[in-house]
Amino acid sequence: MILRDIGEFGLIAKIRNWMGKSHPDVVQGIGDDVAVVEMGKKALLITTDILIEDIHFERSWIDPYRLGKKALAVNLSDIAAMGGIPKYFLISLGLPKTLPFSFVSLFYRGLKERARRFQVDLIGGDTSLSQKIIINICLIGEGKKGNLLFRNGARVGDDLYVSGTLGDAALGLKILQDKSTPKKPKGLIDKHLSPNPRIELGQALGRKKIASAMIDVSDGLLIDTRHILEESNVGARIWEDRIPLSSPFRKWVSPYSKDPYRIALSGGEDYELLFTASPKRKASILSLARSLNIPITRVGEILPEKEGFHLIGKEGEKIPSYRLGFDHFK
Ligand code: ADP
Ligand code: MG
């Protein structure tokens with residue numbers, strides 16, 4: 001067996017089985033957006049993400065300033081998905097010896113911009129020689145135990161909501177890679193290169209006890225919904241034509257996909273929040289969306305586990321969910 005056969009998520013499931021846990025204060029180990037460790041009334045939140053040159057980014061697409069911003073943003077998004085408060089981070093870098101010094105200084109300028117905006121402090125890291133650029137951040141945050149939102153809290157009858165619009169980042173990436181489109185639409189490219197973590201929204205959903213489960217959309221709506229369903233032992237339906245699409249997305253999508261919803265369902269890196277909430281919370285969600293000026297759309301509902309996971313197409317037809325989205329080894 002090679003890794004392609006087992007896939008990224010299959011491999012993580014194996015690792016979860018191999019290792020187990022011993023400290024009773026580990027509230028959440030492998031299996032959520034961040035690890036959660038109990039610290040008295042508070043909880044310590046810990047998450048890590050890696051960016052590798054020519055896998056996650058190419059130097060010809062992204063400038064070092066935006067790369068620095070993005071490296072921190074993708075970690076902030078995981079803390080947002082818990083409803084947590086980000087606080088400190090460590091960064092480990094693998095760098096080629098021929099890399100211009102200015103690349104590193106601009107990269108840190110980008111990091112500092114996000115660090116100031118979200119009030120997080122760099123507290124350490126590691127530096128090594130490498131063939132390609134490798135960036136690993138470990139972000140530490142905190143939260144009140146009762147306010148945190150896990151992937152496993154979805155209940156039958158809950159509604160499924162998503163913030164913002166979906167598919168823009170994936171379409172932005174396709175356009176960046178397309179040499180035949182010299183004039184690139186800035187909005188879509190920015191969604192890919194400069195994701196905006198939904199920290200305030202995540203905290204409000206937790207603090208106001210609005211949501212029951214939450215994840216950030218990093219691998220695509222289908223895969224990330226599936227993560228909630230698997231951890232909560234429930235099923236779901238998503239109405240395809242309710243998936244929120246931006247107007248630049250609608251304008252630019254046709255040369256890249258016959259079916260616009262396919263990119264919106266399976267494209268990754270939106271870094272929007274996907275959450276479930278009881279139908280009783282509908283009015284609070286509307287008013288939160290208004291006060292934060294962030295669109296929040298009801299895209300589906302939670303079903304009993306035996307109903308599985310499916311989409312409802314435009315004609316009302318039932319489409320079983322197929323495993324698309326992003327898996328690193330497939
Ligand atoms: P996210 O997309 O939110 O960053 P991932 O899909 O990367 O989440 O990871 C899912 C879970 O698996 C997380 O709890 C993460 O900490 C854990 N995980 C990922 N890779 C490994 C690994 N190599 N060893 C142990 N745990 C891992
Ligand atoms: Mg996540």
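The residues of the shell around ligand 1 comprise 4 nonpolar, 2 polar and 5 charged. Here Ala, Val, Leu, Ile, Met, Phe, Trp, Tyr, Cys and Pro count as nonpolar, Asp, Glu, Lys and Arg as charged, and the others, Gly among them, as polar. The model is predicted: local features need pLDDT of at least 70, side-chain atom pairs count only at pLDDT 80 or more, and totals for chains, interfaces and linings use all residues. Residues are numbered from 1 along each chain as its sequence is written, chains are lettered from A and ligands numbered from 1 in the order in which they are written, and side-chain values use heavy atoms, with hydrogens and water left out.

The shell around ligand 1 contains Phe 9, Ile 12, Ile 15, Ile 30, Gly 31, Asp 32, Asp 33, Asp 49, Asp 78, Arg 151 and Ser 218. A residue is near a molecule if one of its heavy atoms lies within 4 Å of it. Helix H1 (residues 3-19) supplies the largest share of this shell, 3 residues. Helices (H or I, at least four residues) and strands (E, at least two) are DSSP runs, numbered from the N terminus.

Oxygen atoms of ligand 1 approach several polar groups. One lies 3.0 Å from a polar backbone atom of Asp 32. An oxygen atom of the ligand is also 3.0 Å from an N or O atom in the side chain of Asp 78. For the side chain of Ser 218, the distance from an N or O atom to a ligand oxygen is 3.2 Å. On its own, ligand 1 has 560 Å² of accessible area, and the protein covers 65% of that. Areas come from the Shrake-Rupley method with a 1.4 Å probe; for residues, only the protein chains shown count as cover.

The protein donors of the magnesium ion (ligand 2) are Asp 33 (OD), Asp 78 (OD) and Asp 216 (OD), lying 2.0 Å from it. Donors are N, O and S atoms within 2.8 Å of the metal (3.2 Å for Na, K and Ca); water is not among the atoms, so sites may look incomplete. The donor spacing in sequence is D-x44-D-x137-D. Distant parts of the chain are linked here: Asp 78 sits in helix H2 (residues 64-80) and Asp 216 in strand S8 (residues 213-216), 138 residues apart. Both Asp 78 and Asp 216 are buried, a term for under 20% relative accessible area, with exposed over 50% and partly exposed in between (1.4 Å probe, protein chains only).

In a regular strand the side chains alternate between the two faces of the sheet. From S8, Ala 213 and Ile 215 point one way, Met 214 and Asp 216 the other, and all are buried. S8 pairs with strand S10 (residues 273-277) in the antiparallel sense over 4 bridges. Pairing requires at least two DSSP bridges between two strands. Thr 276 in S10 is the bridge partner of Ala 213. Thr 276 counts as buried because its relative accessibility is 0%. Its side chain makes a polar contact with that of Ser 212 (2.7 Å). Such a contact is a pair of N or O atoms within 3.5 Å; within protein, one must be able to donate a hydrogen and the other to accept it, and residues adjacent in sequence count only if both atoms are side-chain atoms.

Helix H2 also holds Ile 79. With a relative accessible area of 0%, Ile 79 is buried. Ile 79 and Gly 141 lie 7.1 Å apart, C-alpha to C-alpha, yet 62 residues apart in sequence. Strand S6 (residues 134-144) is mostly covered, with 8 of its 11 residues buried. S6 runs antiparallel to strand S3 (residues 42-52), joined by 11 bridges. Gly 141 in S6 stands opposite Leu 45. Strand S4 (residues 85-95) pairs with S6 over 9 bridges, again antiparallel. There, Ile 85 faces Glu 142.
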